[in-house]
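Biologist: I would like to learn how to read a model like this one. Can we take it feature by feature?

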Amino acid sequence: MMTLRQFLTFAGTAAAFLFAASPAHAETVNLYTTREPGLIQPLLSAFTRETGVDVRTIFIKDGLAERVAAEGERSPADVLMTVDFGNLIDLVDHDLVQAVDSEVLRAAVPAALRDADNRWFALSMRARLVYAAKDLDLEGLTYEDLADPRWKGRFCMRSGLHPYSTALIAAYIAHHGEAAAEAWLQGLKANLARKAGGGDREVARDILGQLCDIGVGNSYYVGRMRSGAGGPEQQKWGDAIQVVLPRFENSGTHVNISGAAVARHAPNRDQAVRLLEYLVSPAAQQIYAHVDFEYPVNEAAEPDPITAAYGTLQPDALPLTEIARHRRTASLMAERIGFDN
């Protein structure tokens, strides 16, 4: 029986063979991605039409870093694409990516949304919103307000151990320190109307069902629900809620990202950089906005009208790398207080 590492090495060798055996193309770039292929294919197709560079994609649901590490120098991967800034930082920590000296990328991606040494770059943003019943007056709401006892028995949230949740907790730690963050998290737990769990869309469902009055969820889910992309039932969930862009006191709204990096042993490095530069161009950023309902990172692009209706996004000014320093502490904190119990 093969070990996991042996399997990953075998998979990498097979991937290299398949890429090599694919029909010849003038130029190619090999993409490893944890994003669902359907969500990014419009972007990749547009890139190929514009540049003539063929994108060969391998979807890796879990274990991206382990896969690339096992393949080593034989890896055919040129670009590594994933969601959640923690996953991008893990790629850096495992020395699986390389720095990219690109004025195009630096000009398009704000400093807080890229690695200080240019080893990864955000491609789109998703804000951590408040979903709420429509009759509530929530003007000026902050993340700090969510622990207020007035929401006792009225608050819904997914697992405190989910990466979206630990990222928000880590941001709270970065702003206020561990002691204040634990008190806040205890307040959220005390306010829960049900056990933490499910997904963000289920928060909207439970608000419609009057199980809770308020909760947190990602911005792009609202777009998918309200657009009908998730079906008529989810459209009812999205239409039943109001959404609010909360902020941290004296700062902005917490955002997470999708992002990408050039693999350390990229065999087609120039094409990899070209793909990243295209993905932050205004044209590609508009596709992100209208197909995936994510916020563009390039200020030259506009969000989809559904997304724009939430209000003007002012992202938290803290660099994502600073927030990431507290991820493990955030996860341990959620476990320690039994947030999901």
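Predicted model: local features only at pLDDT ≥ 70, side-chain atom pairs only at ≥ 80, totals over all residues.

Biologist: How many helices and strands does the protein chain have?

Modeller: The chain comes to 15 helices and 10 strands. Its radius of gyration is 21 Å, close to the 20 Å from the globule rule for 341 residues, so the chain is as compact as a globular protein of that length. Along the principal axes, the C-alpha trace spans about 60 × 40 × 40 Å.

Biologist: What share of the residues is buried?

Modeller: Buried residues are 55% of the 341. The accessible surface is about 14,500 Å², and carbon and sulfur atoms hold 50% of it.

Biologist: Which share of the contacts with a separation of 6 or more joins residues 24 or more positions apart?

Modeller: Such pairs account for 78% of those contacts.

Biologist: Now one residue. Is Gln271 buried or exposed?

Modeller: Check the relative accessible area against the cut-off: buried means under 20%. Gln271 has 14%, so Gln271 is buried.

Biologist: Where is Gln271 found, and what is Gln271 in contact with beyond its neighbours within four places in sequence?

Modeller: Gln271 sits in helix H11, residues 269–279. Beyond those neighbours, Gln271 is in contact with Glu27, Thr28, Val29, Phe47 and Val53.

Methods:
Residues numbered from 1 in each chain as written. Heavy atoms only, no water. Helix = DSSP H or I, 4+ residues; strand = E, 2+ residues; numbered from the N terminus. Rg over C-alpha atoms; globule rule 2.2 N^0.38 Å. Buried < 20%, exposed > 50% of the residue type's maximum accessible area, 1.4 Å probe, protein only. Contact = heavy atoms within 4.5 Å. Areas by Shrake-Rupley, 256 points an atom, 1.4 Å probe, with all protein chains shown as cover.
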